[in-house]
Amino acid sequence: MTDRSAAVTQTNEDRIAWLRGLRQSRQFLDQTIPPDVLDELLEVARWTGSAKNTQPWEFIVVDDREMLRRLAEQGAYSGFIAGAALAIVIVLDENALRSEAYDEGRVTERLMLAASVHDLGSGTGWFSTDEAQAGVRALLGIPDGKDVWSAVAFGYVDESGEQRSAAAPGGRKPLAETVSYGRYGERKG
Ligand SMILES: Cc1cc2nc3c(=O)[nH]c(=O)nc-3n(C[C@H](O)[C@H](O)[C@H](O)COP(=O)(O)O)c2cc1C
């Protein structure tokens with residue numbers, strides 16, 4: 001297993017490589033996450049910044065295997081949640097404003113980074129249709145006035161499994177295609 005946790009105590013180069021190397025995991029070992037590690041993840045989530053410090057989130061921790069399986073069935077690409085040790089479902093105020101969607105992404109990324117510190121893999125699963133969201137609401141008893149768009153799954157990574165999704169090609173666009181300097185479209189050099 002790659003020891004990603006060691007990297008955070010090392011050099012700046014190591015830390016940047018650790019940040020740059022954070023990928024979505026989709027295959028997990030059948031190994032539980034210690035309760036104190038979960039508590040730490042939740043504390044990191046709690047301390048994540050949000051627009052005007054509104055903290056527009058609540059979190060549902062799901063670790064029951066059958067419930068994870070049923071959750072996994074809701075989204076088009078959320079099947080990987082079935083094999084996770086646990087998932088944290090992010091609940092938002094209904095009709096989440098743009099800032100709340102931003103906050104959701106921010107807390108998700110921070111949870112993923114915190115998990116990586118503990119050598120845990122993680123991945124976000126998106127419930128993008130009304131039907132998927134209704135399914136999750138019904139499964140978890142999420143009341144009216146609340147929205148649910150995603151869950152973050154966590155677990156020790158099964159390095160022998162396929163982590164990539166057929167639906168999402170890997171790699172990244174070069175910076176030369178995405179960064180302008182001073183004015184839109186002005187590239188380096
Ligand atoms: C808003 C959002 C929704 C995503 N939904 C899913 C999903 O439902 N299923 C999945 O397997 N990956 C999902 N992903 C993960 C992306 O596919 C992944 O981050 C992207 O392909 C880049 O791969 P990497 O994270 O491994 O670098 C989602 C990512 C984001 C930011």
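**Exercise 1.** At which residues does UniProt place the feature "domain: Nitroreductase"?

*Solution.* Start with the record. The unreviewed UniProt entry puts this feature at residues 23-73. Now turn to the model, which is predicted. Over residues 23-73 the chain is 39% helix and 12% strand. The end C-alpha atoms of that span are 22 Å apart.

**Exercise 2.** Describe the surroundings of the ligand, then sort them by class.

*Solution.* Find the site: the ligand sits in the largest pocket. List the residues around the ligand: R23, Q24, R26, Y77, F80, T124, G125, W126, R164, A168 and R172. Then sort. The shell holds 4 nonpolar, 3 polar and 4 charged residues.

**Exercise 3.** Which polar side-chain atom lies 2.7 Å from an oxygen atom of the ligand? Find further polar contacts too.

*Solution.* The cut-off for a polar contact is 3.5 Å between N or O atoms. Take the side chains. R172 supplies the polar atom at 2.7 Å from a ligand oxygen. R164 places a polar side-chain atom 2.8 Å from an oxygen of the ligand. Now the backbone. A polar backbone atom of Q24 is 3.0 Å from a ligand oxygen. Finish with burial. Alone, the ligand exposes 610 Å², and the protein buries 67% of that.

Definitions and conventions: Residues are numbered from 1 along each chain as its sequence is written. This is a predicted model: local features need pLDDT of at least 70, side-chain atom pairs count only at pLDDT 80 or more; totals for chains, interfaces and linings use all residues. Side-chain values use heavy atoms; hydrogens and water are left out. A residue is near a molecule or strand if one of its heavy atoms lies within 4 Å of it. A polar contact is a pair of N or O atoms within 3.5 Å; within protein, one must be able to donate a hydrogen and the other to accept it, and residues adjacent in sequence count only if both atoms are side-chain atoms. Accessible areas come from the Shrake-Rupley method with a 1.4 Å probe; for residues, only the protein chains shown count as cover. On a 1 Å grid over the protein atoms alone, a cavity is a set of points where a 1.4 Å probe fits but cannot get out, and a pocket is an open set with protein on both sides within 12 Å along at least five of seven lines; lining residues have an atom within 4 Å of a point. A molecule sits in a cavity or pocket if more than half of its atoms lie within 2 Å of its grid points. Ala, Val, Leu, Ile, Met, Phe, Trp, Tyr, Cys and Pro count as nonpolar, Asp, Glu, Lys and Arg as charged, and the others, Gly among them, as polar. UniProt positions are given in the numbering used here, feature names are shortened, and annotations may be inferred rather than shown by experiment. Helices (H or I, at least four residues) and strands (E, at least two) are DSSP runs, numbered from the N terminus.
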